Every structure is written in C-alpha cells, then in structure tokens.
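Here is a friendly tour of some strands and nonpolar cores. Please keep the sequence and the model side by side as you read.

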Amino acid sequence: MEQNSMLCETCQHINLDNYLNQATSPGTVELGYFQDIAKKDDCPLCRLVIQTLNCHSRKHWKTGIYPVEVCYLGRYDETSTSPVLEVWFNSTSETLPDGMRGHSTTLGQILPLLPRFSSSHDANRSGSTSRVQLVGEKVDVSRIQRWMSSCASHHGLKCNPTKPQTREKADVGLLLVDVKRMRLTTCDWNSTYIALSYVWGSSKGLTTTKANIDHLQREGALQELRGELPQAIRDAIDLVDAVGEAYLWVDALCIIQDDDASKAAYVSRMNEIYSNARVTLVTLNNPSYKSMLPGVAHPRALAQSPVEINGLHLVPRLPQLFEVEQSATWSRRAWTFQEGILSRRCLFFSQNQVFWQCRSSYQSEDCPDDYDHDASKRLQGRKANALERDTRNDPRMQFSAYESLVKQYSPRSLTYPADSLFAFTGILGALAESFGWKLASALPESALDLALLWRPMFSVTMWPRPLSGQTTGPTVCTSPTWCWTAWHGDIFWDPWRLDSFAAQEVSIKTEVACFWIQDRGGLRQIQRGQALDSGTQTVSHMVTEHAQVNSKLLFEAKAIDIMEYNLGPPNMDQCAWWNGDVAGGGLSSYFRNNMSSSLWVYDASGHHCGTLPGFGVDAWSAEGKNRLRHDLVLVSHCSQDEVTQSAMQDFQNNLPLEYPSDKEYYEEIFDARYYKYKSDWALNVILVRWKGTLAERVAVGQIHADAWDGTVQEVKLITLV
C-alpha cells in the first residue's frame, strides 16, 4: 500500500473526510487537466485519481497525450447514508482526437477499503460509507459457491421456478460434459449442469462431430484431447469441478457440429438449455483461441493499488458489469444474446473481477457479500431483461417486450448469415411459451399487421440470399424478406407513427382480409387479434395454388405500380413550413439530418406525398439497376387525432429531436401545402420487387390517403418470399 506523502497544492485543500462522512456534499473541485495531474507523481491523491480514471480507459488514450480534459472531484450520494467519492471528466468533439466526434463522460469511483484491509481507526471514520475490497489474481471459488447457494435458497420462484414437464424425445437426450470422468455423456433433460457462453474465435479448437462422438464418450477422452480445447472450455471444466458440480453444457461439444438433426434438436430447445442451467459462465474478453475465464487458470491483471491519505485507506472501484459488458465482444455477437437473456443466473468473467447476475440480485467481487446491489440502481447491473417484464396479458405490452429484444439483437454480428433466425429461436420459444404466441418466421401472428411494419432505425442491408438454383448453405440466409431476420442492422417499430405521439394514440386497422402462411407445417391461415380485423373482403384468388413452396406469406391487397409515382431524395425546399422567403427554412437541423436516410414519394405533380424511411437514394438506385417491376402494396392504415402545437406543449421534455413541432411531424410524410390532415390519412405500404409471380419486400413506409386514391389500383395476390 502506498503510504501518505506530501499532497499537491490543489489536493491539500480537499478534506476527504468531509466527502465521505459529512451529511451534505462539500461540492465539486476542479483538479486540473488530466495530463498535468498525471505528472504529479509525488501527490498520492493525484496518483489515486489517475489510477481510478485509468480503470475506465478508452481506445484512443495514449500516455502523455490523451486524455486532455479537465478533471473534477465530487460526491455521489449512492444512498443517503453511503456517499461515494467520484472523479470524472467530460469529452466533446473539441477535446477528442481528430476524426472523433461526440460527447461522453469518463467517471470513476473511489471508496475506502473494508476494515480487514485497513486500520480500525480508518474503519471507524468511514463506518457509514460504502466500501470496497481488493480483488486477487485468482477467482475466489468460495464466494461463487456462496452466491449460487444464496440464490438457490433465498430467491424463490423468480430465480428458481418449478421446471415444466420437458419434451422428452426417444432419439434426443441432453449431451453434457462429465467433468469428473472427462467425457461426453447423454443425460436426462432435468439434469443439473452449468452452461458456458463464449465467443468462438477464428480457431475453434476441438468440436464434436459424427466422426469423433463415439470416442469423446469414452472415459478420459477429453483429458487426452485437453490441449485441443479452447482455453475458455478448459477453464469452465475446471471451475465446474471446483464448485462441486458434475456437468457442463457447451455448444462446441454438446452439439454434433456436422449433424443437421443434432443442431435442429438443440437449437429449438435453447430456451430450456439456458434457463434450466444452474448458472451460465460468460466470458467478457476478446475472441481468440485463448479466450478464457480470467482468474481460473491464468492470473488476472490487478488494477487496484490502495493509497493512504491522512489515515484513510482508499482504492479505486473497478469498472462494473454494465461498462465491461458494453465493450466486450460477447455483447456484439448474435448467438450470445439469447444465451445471456435466457439464463436465470450468470457469472460474468472480466479481466479484473467476476460479477454475479440473477433475476433477483447483482454482486461483484470488489464489494462485500452483504452489499446486495439492486440492479435497477444507477450504474449497476445489466440492462433490464425484457423477458422479465410484467406484461399483464396486454397485447401491446407483450409486443413492446418483443420489440425490445429485437432491437437489442438485430444489430449484432453473425459469422454465418444462415443463423440469423436460429440464433433468436430460443427467445422466440420463451415468448411463445409466456404469451401463447404462434409465430410466422420470427413475427407474432396475433399482431402480424403491426409486426410487418418493422423498419430500419438508420439503414439495413439484406443478408446474402441463395441465387436461383443455388444450394443453401451457411453463407446465405433463407429467412423470408418480409421478416426482419433476413436483414442486418438496427430494427425497430416507429413508436411515434405506430403507438402514440404527444398523447395522440395511434390505432392500426388492417387492409388485408386474411394472411396465409406456407411453411414446413403446410398452408394455414394466420389468426390475428380481433382488434385489427377491419372486415376487409377477399376476392377470387385461390391461395392453395401456391402451397408447394415454403416460407411464403400470401394475401390479397391493393397495389399500385411504382411508376405512378416518382421516388427521390428529400427536397427540403418543397416543405410547407416557411421561414421568411425560404421554403422549409424553419425546419430543425436534426430533422434535416434524419431525413438523409429516407426516400420520398412524389405524386404526378411532383408534390411530396409519402416517405420510405431507412431506404435512401443509393439503395433505390441499386434497385433500378435490376430492372425489376416494383409495387406499393397497401397492408393497413393508421388513425390518430391531429397533433397540434398546443397539444405538444405538455410534452416538451419528452419529444424526439426530429419533431420539435407539429410541422416536422407531418412534413416528414407529406407536403402540408397540398395534402391535409385527416384522422385516417396514414396508409402503411410495403414496397415490393417482383420476380415473376413472387414478391420480395424492399422497404416499408407511409403515404397520404389522398395521394393513394388518386392513382390506378389493382387488387393482387401477393406472394411474399
């Protein structure tokens, strides 16, 4: 421990006792520029400040050069009786290196050590203060055992629900790693085991195949081949044994990787595998052959160096789970998303410490066991799990939980596009079980009219698809284009257009009498929620004629050839909101920027009458090169009371930046000089491209009802693939 020495002139005036024990905060102190503080080697508080901030270092930091910002010291009252000392600085585009833009705050916490690491005098002085403890090079197995035991004994049904009757199949048992006998073994689905969630590196190491499955089931086989196992699996085997458990589930070994039947059986039951695990071990480090559980076989980097200042023994608090997870590759991969969401208990292994997260509590190694974090508190725990929401059997709340999961999953990366749906299957299974849903691909059938209106938040790209006559494989995606799993990027359902804006609720009414789905189960009619049934009548097309092809959505709808309109970039000068003599001059800059990724629909007179968001000019130009026919297909319409500026006054602090006024809200979709508000003006349309008699989704948007009614329409049988 660094001993007390001469404080610098700035730090001499800081009474840490007051910050840690006084009822009211003494206020914020400006410490100076980061690089200047870093040069004060003789000042223990300056060293502690730099040590604390370095725990949260960013990629652009460089010794002696970055960061350059002014640092501050103050207090955050985590609870009324437990003040926490904080140091921070704010970065802006002006202070960041050339080429970097944005605004962020780097913040660290300084806490007294627990009494066993410091003097009794120190403990008495900071008795009401939150405290921290030192984390060693190796994982404390006894603490992990206590966390597991406490959850099993005290957390009730939230963490330990009664297991439902499992779907036993004569030909599919639960393949597990027996860590005692070092072999694979087939067990009952109700067995107790620990699961591993990690990112496969470029060198995958040993996997189970049809050629080696028999050998791997012999006692000691995995010990013989231990050197071929990725470090993460070796560490997991050792930890499972150390905590007194017998079995481990890890996909690389417990799924026969070249057996499609094995993959299908386990992928369809990911919900059971992870939710029933005793705990899931998660690696929060970079992917490589040596991906590991730090602190099991290999020592961890020690980031805490206690400092004594005026009798107080202080140490930085290590980065907490929310921060570590954000920067980990694990949080950006598609397969790991459902592994974390479905698990009721997780142990997260970072470079500095282990975190425990279950449905009831959150713990970290640098805090005592009696410091039970509430995951809803500031800076603690992971993001809320949408599967845990109380949806009260409300269809809108259920869809909101589904949307939250899609938004988190959709931008994540995949090695193989073919996995885009499979990597979400476990979550779909959990949703179907909780809400009683049936699913068409990854869309809930009961809310299909709403589900079809997913759109890019910015822009998306379609996963590579099999060419005509091409054999499907891992490098191509076979999800239907009408489902978001066929696309890669940030997906969402626009709440301002489909839910409510400024307290003006939106109701969606279908324009399609019935949808039919052709999938592996054959041809069947989709049963939607009654609230969306508008009584639209069907005409004489026979959908049974198209029953021979899978993954199709069939329905009759009104369609308009896109040649009836012109599609082009947003023309802001055409907007109706005038500022002096400048057309559109009063529109906010954020609105203008937000429109840059949209395509506008113009009527025959050149007036803006509709918008396809997230589908820009470049994407439409690429569509033009394929010389295929395109239609706008009407699937539903929205009704909403008029949004007025007076109605928006009560929501000024909760409005999206792109809609600071009612003008932008409507100008996004149509030119208000030529098209006027009416309660059901908003028609929801899908832009499709035709390939023979089959159609593919290209984009979704809205068009004004008057612009639609003024064109030639035709009722068509739409076969979306």
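Asp519 has Gly522 of strand E24 as its bridge partner. This is a predicted model, in which local features need pLDDT of at least 70, side-chain atom pairs count only at pLDDT 80 or more, and totals for chains, interfaces and linings use all residues. Residues are numbered from 1 along each chain as its sequence is written, and side-chain values use heavy atoms, with hydrogens and water left out.

E23 and E24 make a hairpin with 2 residues between them. Strands here are DSSP runs of E, at least two residues long, numbered from the N terminus, and two of them pair if DSSP finds at least two bridges between them.

| Strand pair | Residues | Sense | Bridges |
|---|---|---|---|
| E23 and E24 | 515-519 and 522-525 | antiparallel | 4 bridges |
| E5 and E8 | 174-178 and 247-249 | antiparallel | 2 bridges |

In the second pair, Val177 stands opposite Leu248 of E8. Both E5 and E8 belong to an open sheet of 8 strands with mixed pairing, in the order E6-E5-E8-E7-E9-E12-E13-E14. Strands E6 (183-187) and E14 (362-364) stand at its edges with a single partner strand each, so one side of each has no neighbour in the sheet.

Now to the cores, each a set of buried (under 20% relative accessible area, 1.4 Å probe, protein chains only) Ala, Val, Leu, Ile, Met, Phe, Trp, Tyr and Cys residues joined through side-chain atoms within 4.5 Å. The largest has 152 residues, of which Trp249 and Trp484 touch the most other members. Strand E32 (residues 682-691) gives this core its largest share, 7 residues. Another core of 28 residues lies apart from it, including Cys11, Leu31, Ile37 and Val49.

Methods. Buried means under 20% relative accessible area, exposed over 50%, partly exposed in between (1.4 Å probe, protein chains only).
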